[in-house]
Amino acid sequence: MASSRPLVLIHEDMDRVDESGSIDIMLPPQFYTMKRQEINVKYLYQAKKLAPSILESLLADDKEYDYFVFKDGDSWIFIAYSSEEINGFLQSKDIDISRVSKLYFIQQSESKFTSAILLNDFEALGVVDDIVTVVPKSLLAYDTRYQPFDETFRPDRGISYGASVGSILTQKDSIVLASIITLFALLFLVEGIRYSRVVAEINEEVSILFDEYPALQSQYTRENIIKKYHKIDKAERGKREILKDLSHLIIPGVEVDSLVMEEKHLFVIFETPDKKGLLRVEALAKQKGYKSSRVGRENLIKVESSL
């Protein structure tokens, strides 16, 4: 599918780019360093890992480079380019970097050359030994019919540029991050739909309840009910905590003889196997702050608590 963005061949004598929207740019050899080499690797990611070492001797030490690799027959084409250098040139031509969507290299389109492409009155792009090169116009035949640069030179692969330049995230990282965000968005959407259904069901049940008990429509009535049951719940929780605490007095051989729970008072009578057990329960009750007393038979002890 053809891109709707114009493909612009950038060079020193290029025409002014009048379009205000996004553009794709094609780099001539002035903007990159390349090397063709046959290496015994099968996959692109393997070849790209080798690019810095293969091109190292051809690059300046005072620049930072990015790399692009593609397969050409039995060989791999290794390309190094400087984003800083490209950005500086674009700014000199009043081209906003953020407008650049894709970046391509003219070597990718070597097979599209049927003739030279004129750059200015003195230079042209031509193919020498399967490498796209800037050649002096004077070396070309006088009657050379120059080929126009157009959309047919657009390669299949390119580099996302513009807003991604200088980003701490690579394009791959950005895609992964966007996928994760999209996944979370879908999960939130599903959860939101489920929550909406639950809320709708609750609202429906509340409406039915209000129809059956009109008095509940009064906020004052509802608050009184809440206070009443909160008080009851608090008291019941207190009872459960006391019983849980008293259960720790049931040491080996000790059994509960009886339990009496009144409105404001609770007591438990424990039956112990012997006097030693009775003294042990008595000591534990005192340790926990409960009142204890001996009742009836000498092996019974009553432990009391206020509610």
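# A tour from pocket to loops

By class, 4 nonpolar, 4 polar and 7 charged residues make up the lining of the second largest pocket. In this classification, Ala, Val, Leu, Ile, Met, Phe, Trp, Tyr, Cys and Pro are nonpolar, Asp, Glu, Lys and Arg are charged, and the others, Gly among them, are polar. The structure is a predicted model, in which local features need pLDDT of at least 70 and side-chain atom pairs count only at pLDDT 80 or more, while totals for chains, interfaces and linings use all residues. Residues are numbered from 1 along each chain as its sequence is written, and side-chain values use heavy atoms, with hydrogens and water left out.

**First stop: the pocket**

Select Phe70, Lys71, Gln108, Pro155 and Asp156, which lie nearest the centre of the second largest pocket among its 15 lining residues. The space in this pocket is about 290 Å³. Grid points are joined across faces, edges and corners, and the volume is the space filled by probe spheres set on the points.

**Second stop: Thr33 and its sheet**

Select Thr33 next, in strand E3, which covers residues 33-37. Helices (H or I, at least four residues) and strands (E, at least two) are DSSP runs, numbered from the N terminus. Is Thr33 buried or exposed, or does it fall in between? Thr33 counts as partly exposed because its relative accessibility is 24%; buried means under 20% relative accessible area, exposed over 50%, and partly exposed in between (1.4 Å probe, protein chains only).

Now display the contacts of Thr33: leaving aside residues up to four places away in sequence, Thr33 touches Leu55, Leu58, Leu59, Phe78, Ile79 and Ala80. Contact here means heavy atoms within 4.5 Å.

To follow the pairing, select E3 with strand E5 (residues 75-81), an antiparallel pair over 5 bridges. Two strands pair if DSSP finds at least two bridges between them. Which residue of E5 is the bridge partner of Arg36? That partner is Ile77.

Move to Glu123, in strand E8. Glu123 is partly exposed because its relative accessibility is 32%. Beyond residues up to four places away in sequence, Glu123 touches Leu118, Val134, Val135 and Lys137.

The order E7-E8-E9, with antiparallel pairing, describes an open sheet of 3 strands. Strand E7 (117-118) and E9 are the edge strands, each pairing on one side only. E8 and E9 run antiparallel and are joined by 6 bridges, with Ile131 of E9 as the bridge partner of Val128.

Then select Asp130, in the loop between strand E8 (123-128) and strand E9 (131-136). Asp130 is not a glycine, yet its phi is positive, at about 65°. Most residues other than glycine have a negative phi.

Asp94 is in the loop between helix H2 (83-92) and strand E6 (100-105), and Asp94 has a positive phi near 60°. With a relative accessible area of 56%, Asp94 is exposed. Ile97 is also found in the loop between H2 and E6, but Ile97 is buried, at 16% relative accessible area. Around Ile97, select Asn87, Gln91, Tyr161 and Gly162, which Ile97 touches when residues up to four places away in sequence are not counted.

**Last stop: a hairpin**

Finish with strand E13 (residues 291-294) and strand E14 (residues 300-306), which run antiparallel and are joined by 4 bridges. Within this pairing, Ser292 has Val303 of E14 as its bridge partner. The two strands form a hairpin with 5 residues between E13 and E14, and Gly296 in the turn has a positive phi of about 55°.

Methods:
1 Å grid on protein atoms, 1.4 Å probe; cavity = no way out; pocket = protein on both sides within 12 Å on 5 of 7 lines; lining within 4 Å.
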